[in-house]
Amino acid sequence: AQGEVINPDRELFTVADLASVWLQGDVYQKDIGKIRVGQNAQVMVDSYPGETFTGRVTNVSDVLDPDTRTAKVRCEVANRDGRLKLQMFATLALPISTAKQALVIPARAVQDIDGVPTVFVRVDDEHFETRAVRVGAPVGDSIEVAEGLKSGERVVTDGALMLKSRLKLRVEAEEGETK
């Protein structure tokens, strides 16, 4: 206000360019090795539900907080429209990729036969054998096979449902003969 006396140690105002903002998050020590400067970051704030802002990791602290066993990670996020405000709480996601060797087949090749995931393995042009498998994680339209199938074995994808139906009919016919 006009005529007000100001002490030299009083902060009157702060000038800031908010076209890009820094976010600081904590990363557990077990995950630090997966975080790299330059990798993508995704930021979500409660003010804009369902919206994700993207940025990049610009710094990973060299020191852990002794109480939480976490390292500070700084990310820079573009904020051209000024929607991200200083002191907002945010959720920071740092996606990482991990490579893993896995046997993957089309998901439609796996049939449920009496509660057991099963595939039909091609023996020759006219013969197929059923093979119980233990499936893992889905990968798009495919699924990981953890056990029960070897790399290079050919499985039926188109027509697997027909083979399942024929198998059921054959089993029912055999059960009827034994009664």
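In strand 4, Arg74 is the bridge partner of Gln24; strands here, like helices, are DSSP runs numbered from the N terminus, with at least two residues (E) for a strand and at least four (H or I) for a helix. The model is predicted, so local features require pLDDT of at least 70 and side-chain atom pairs pLDDT 80 or more, while totals for chains, interfaces and linings use all residues. Residues are numbered from 1 along each chain as its sequence is written, and side-chain values rest on heavy atoms, with hydrogens and water left out.

Strand 1 and strand 4 run antiparallel and are joined by nine bridges; two strands count as paired if DSSP finds at least two bridges between them. Trp22 stands opposite Glu76 of strand 4. The ring of Trp22 also has the charged end of Arg74 over it, 4.0 Å from the ring centre. For such an arrangement, NZ of Lys or CZ of Arg must be within 6 Å of the ring centre and within 35 degrees of the ring normal.

In a regular strand, side chains alternate between the two faces of the sheet. Buried means under 20% relative accessible area, exposed means over 50%, and partly exposed lies in between (1.4 Å probe, protein chains only).

Thr70 belongs to strand 4 (residues 70-78). Thr70 counts as buried because its relative accessibility is 7%. Its side chain makes a polar contact of 2.6 Å with that of Thr68. A polar contact is a pair of N or O atoms within 3.5 Å; within protein, one must be able to donate a hydrogen and the other to accept it, and residues adjacent in sequence count only if both atoms are side-chain atoms. Leaving aside residues up to four places away in sequence, Thr70 touches Asp26, Val27, Tyr28, Val63, Leu64 and Asp65, where contact means heavy atoms within 4.5 Å.

Five strands make up an open sheet with the order 1-4-3-2-5 and antiparallel pairing. Strand 1 and strand 5 (91-93) stand at the edges with a single partner strand each, so one side of each has no neighbour in the sheet. Within this sheet, strand 2 pairs with strand 3 (residues 53-65) over four antiparallel bridges, and Val43 stands opposite Phe53 in strand 3. Strand 2 is also joined to strand 5 by three bridges, again antiparallel; Met44 has Thr91 of strand 5 as its bridge partner.

One aromatic pair is counted. Tyr48 and Phe53 form this pair, which is edge-to-face at 6.0 Å centre to centre and 65° between the planes. Rings of Phe, Tyr and Trp (its six-membered ring) pair if their centres lie within 6.5 Å; planes under 30 degrees apart are stacked, over 60 edge-to-face, and the rest tilted. Both Tyr48 and Phe53 are buried. Arg83 lies over the face of Tyr48, at 4.3 Å from the ring centre.

Another open sheet holds three strands in the order 7-8-9, with antiparallel pairing. Strand 7 (111-113) and strand 9 (128-132) are at its edges, each with a single partner strand, so one side of each is left without a neighbour in the sheet. Three bridges link strand 7 to strand 8 (residues 116-122) in the antiparallel sense, and Gln111 has Thr118 of strand 8 as its bridge partner.
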